[in-house]
Amino acid sequence: MRVGLALVLSLSSYRALVKYLVEVDETQLMYRVYLDMINKVGIGGSVEEEENIHESVVRMLCIDGKVQEARNLVKEFLNYGIRPSDLVVNAISCGYCNKKDYDDLLRFFAEVKVAPDAIIGNKILFSLCRDYGVDEASVFLQKLEEIGFCPNEIAFGILIGSSCLERKLKNALFYVSDILSSGLKPHLYSYNALLSAMFEEGMSKHAREILVEMCEMGVTPNLSTYKILVAGFCRARQFDEVKAIVCEMSDNDLVKVSSLEDPLTKGFMLLGLSQSEVKIRRDNDKGFSKTEFYDNLGNGLYLDTNLDEYEDKITRVLDNAMLLDFNSVIIENLEFRDVESALIMVDETAKWGQELSLHALSCLLSRLCRDSLNVEMINCLLEAMSKSIYQLDRKTLNLLVRTFGKTGFTFRARTLFDGMMRRGYNIDNDTYSALLFDACKRCDSRSFRKFFSLARESNWSPEEKDGNALVVSMCKNKWFDEACVLLEEFSTQAEIFDRMAYSCLVSGFCGETRFAEALGIFENMLFRKLSPPVEMYARLISRICRTNFEKAIELKNTCSMDNRPSVLLPIDCALINGLCKSRRFQEANILFEQVLFKGFVPNSDVFNDLIEGYCGERNFKKVKEFLCFMIRKNLRFSISTYGNILRMACKEGNFLLAIRSKELMLRITEFSEIVLYNILIFHISSTKNSSVLDSVIEELLKKGLRFDDVTYNYVIRGFLLCNDLSCSLHYLRDMLRQDLKPSNRSLREVIVSLCRNLEVELALELSREMELRGWIFGSVIQSSIVEALLGEGKNVNKAMEFLDRIASKNLIPENVNYDYLIKRFYEHGRVDKAVELLNIMLRKGGGGPSESTSYDYIIQGLCKDYCNLDKALDFYVEMLCRGLKPSVVTWNILVCGLSEFGRVEEAEELLKSMIEFGEIPSRRVFSAVIDKYRSDKNFGKTFEIVNLMQEKGYVPDFETHWSLVSNLSDSRKKDGGKTSKGFLSNLLEGFGFSAKKIG
């Protein structure tokens with residue numbers, strides 16, 4: 001579609017797409033899209049964001065073995081002056097190491113003129129030692145040094161460990177010499193490797209010397225160092241040294257040895273040998289045939305054990321120490337739940353050029369996810385992977401999705417889930433639940449429906465702990481229909497949802513006034529014997545009794561079976577409330593008296609509802625009765641009750657009653673006096689009695705009360721209703737002087753009234769006050785002022801200046817509507833201003849006009865000057881894209897204009913579009929196209945349009961008819977008298993002639 005329409009994605013769209021493809025590990029497609037982005041839109045925007053995406057793309061290519069493509073991208077970026085980052089160099093280095101193509105790697109460093117850092121250099125050295133041996137690695141190190149690599153003690157340590165592993169102790173010692181000559185200090189692991197190698201070579205007598213040198217160099221031996229010494233001395237059968245080493249370990253708090261415990265036995269245990277497995281015995285044979293070593297007294301001794309197993313365990317300790325397997329250490333730390341040490345070893349792994357194994361990484365990620373530790377650490381581990389994340393086991397991947405979802409990393413969770421789905425991995429129940437909860441938290445209904453659909457296809461069901469929480473979350477988002485589906489889907493599994501889920505859903509439907517659905521869920525609760533709370537009964541009954549009184553009584557009786565009479569008081573109150581709302585006051589009064597007879601007093605809401613009902617019926621006797629009862633019982637009056645009494649009094653013209661009601665409320669309620677006056681002014685204003693309104697205002701001022709903004713707005717409204725514009729304007733100005741903001745309605749009504757009375761200057765004066773205060777000009781205010789200025793046609797420029805001024809100050813509301821003003825500027829010949837107003841409408845986020853009239857006026861205005869036909873066509877296309885249908889007049893003008901200016905093919909297209917939209921073009925429109933084709937002597941097209949014209953019920957004029965007949969005659973001469981069958985007859989039938997048979 002993009003190619004066909006010649007559209008190009010924006011840079012941000014490209015980046016989002018590439019980022020997604022990186023996450024789902026679609027390397028080939030990612031590479032194609034990224035190249036397309038570079039070729040189509042180039043590199044721009046945030047440098048940091050660009051580098052992040054570039055690094056991700058290069059890393060994924062190298063993981064997939066496409067190192068050359070990654071290298072090409074680096075060269076491409078070099079053309080933009082962007083140097084490869086350490087992450088990029090590391091990714092390409094890993095890629096070449098995996099391919100064992102070290103010469104090409106060296107050429108890459110030379111090409112981009114970069115020297116590897118310590119991490120990358122050590123990675124290369126470790127890989128070379130593993131693949132080709134330490135000698136090759138040593139030669140390659142010299143090449144790296146030539147391009148600027150500076151080896152550190154760990155780089156030499158890798159060579160030392162590899163030399164020891166290859167039984168090249170002499171080489172290892174040379175590398176130690178190189179470390180010292182470089183002013184560096186050998187690493188602890190290097191000393192451990194040397195100790196192991198010496199024991200392997202039978203040089204146990206030098207072990208103590210190494211230990212002394214370590215202390216002199218400030219390198220503290222660790223547990224592994226002492227285990228190596230124990231293992232080496234055990235091999236050399238120097239058990240006194242073993243005992244001494246164990247005691248030294250105890251002094252350094254590396255092991256605990258009790259006074260009753262034999263240090264030698266403890267040493268064997270450190271090597272994984274139990275006391276029962278190894279015994280030291282004296283050789284009592286005369287020939288000392290079993291003697292392996294002698295004690296200080298000259299006694300021949302030997303080991304009573306399985307010597308093969310004994311030697312195997314010692315060899316394992318010594319070999320493992322030569323080149324430490326960090327993955328084993330990490331897994332061992334995690335088995336002891338020592339995550340901190342495991343993370344330290346992860347850093348050491350990278351420093352020593354090794355990679356985390358998938359097993360070690362899975363164990364570490366699982367522990368981090370379970371412990372809810374820093375998710376950023378999880379992200380760092382995943383980004384450092386040299387393999388695809390989807391090579392991790394299914395259990396770990398599910399755990400990662402859940403962790404990302406629960407911690408707010410929604411994009412990571414969803415893309416990882418998508419990648420798993422694309423590969424057909426099984427998704428756990430808890431994973432679906434986590435995604436659904438995350439969608440709820442983000443109010444993302446579209447994603448929720450998608451995950452819910454996939455979950456149902458996978459036979460997902462929520463855990464008991466998740467069911468209620470999920471329904472509650474859905475109800476918070478007002479996804480009640482989806483929650484209903486969830487309840488119905490698992491209706492047979494009663495243990496998943498309890499009363500909380502159903503209650504939340506009933507409350508939600510009630511809040512949305514969807515009482516039929518609420519009742520359905522409520523009855524389901526009753527069927528499942530979930531015992532709804534009394535408050536829920538009350539809420540439903542209050543509403544249902546308005547339309548189905550019998551059902552409300554049925555629900556009341558159901559509630560009565562399980563509750564005491566005193567508990568049922570809210571139910572009775574709800575029934576009374578519902579009856580009042582449905583204007584069944586006699587029944588409400590009967591039920592009210594029954595409640596009183598039982599010795600209960602309904603709450604104040606019931607009295608307020610009854611008063612409201614009787615006020616509506618203007619039954620002052622009943623109103624007075626309930627008022628007295630409420631005063632005696634000290635019940636709270638609602639502000640709406642006061643308003644209803646005033647409305648009743650004012651409708652009756654009983655202003656004295658209204659004023660006395662205000663005085664009564666002042667005595668028996670805690671409402672502020674100005675609030676009571678405001679409501680009184682509002683209701684008196686509705687009677688349009690200016691004299692009473694004046695007297696109330698005068699009374700208010702005599703009491704020394706200050707008008708608040710509500711008072712001013714009600715007074716302004718009141719005088720407008722009384723057609724006293726001058727008083728409204730007076731109070732509006734007074735309000736502005738006190739720095740109070742009038743309501744939008746007050747401003748609008750005053751300005752509209754001023755403009756209607758042709759007092760434009762006063763309206764403009766108010767508009768200037770609005771500008772000074774930065775208040776928004778609504779559509780009605782703008783239209784009124786502009787219309788007043790345009791009224792005589794002399795102030796068009798002034799109207800335009802007014803609109804320009806408020807636009808420059810950003811005083812235009814969102815969703816502004818300029819349809820009327822566009823029409824008026826069209827009528828005054830200012831299409832340029834009409835276009836400008838349309839653009840403002842589109843920019844303000846309202847989606848533009850909802851009807852076609854604005855576009856119609858602009859197109860028609862542009863077509864008055866046929867030089868603007870192309871602009872008119874642009875607006876025509878735009879309105880079609882917005883789903884708006886042009887008027888017949890617009891189509892006619894466009895077709896005629898295009899025909900007149902020789903663009904008859906485009907005119908024909910529009911003509912046919914008009915017919916497709918169900919409109920019938922006028923004869924003039926058909927004639928414009930036909931005449932143009934005829935003047936161009938394109939009689940085939942002429943005949944086609946004539947046929948179309950006849951189909952729409954028009955008869956061509958004689959001139960058109962004769963022109964076609966003449967052309968037919970000429971055509972017959974050229975064709976030797978042959979003509980197309982039916983041409984003339986079809987044409988004549990269009991004029992009302994019928995063909996006759998001859999003979």
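pLDDT is the predictor's confidence in each residue, on a scale from 0 to 100. The structure is a predicted model, in which local features need pLDDT of at least 70 and side-chain atom pairs count only at pLDDT 80 or more, while totals for chains, interfaces and linings use all residues. Residues are numbered from 1 along each chain as its sequence is written, and side-chain values use heavy atoms, with hydrogens and water left out.

In the protein chain, mean confidence is highest in helix α9 (residues 153-165), at 94, and lowest in helix α54 (residues 983-990), at 49. For residues 1-6 the pLDDT is below 50, and this stretch has six contacts beyond near neighbours in sequence; a contact means heavy atoms within 4.5 Å. The mean pLDDT of the chain is 83, with 88% of residues at 70 or more.

The chain contains 54 helices and three strands, taken as DSSP runs (helices H or I, at least four residues; strands E, at least two) numbered from the N terminus. Of its 999 residues, 48% are buried, that is, under 20% relative accessible area with a 1.4 Å probe, protein chains only.

The second largest pocket holds about 1,100 Å³ of space. A pocket is an open set of points on a 1 Å grid over the protein atoms alone, where a 1.4 Å probe fits, with protein on both sides within 12 Å along at least five of seven lines; lining residues have an atom within 4 Å of a point. The volume is the space filled by probe spheres set on the points, which are joined across faces, edges and corners. Among the 26 lining residues, Ser-224, Lys-227, Leu-324, Val-329 and Glu-332 are closest to the centre. Helix α16 supplies the largest share of the lining, five residues.

Terms used. Buried means under 20% relative accessible area, exposed over 50%, partly exposed in between (1.4 Å probe, protein chains only).
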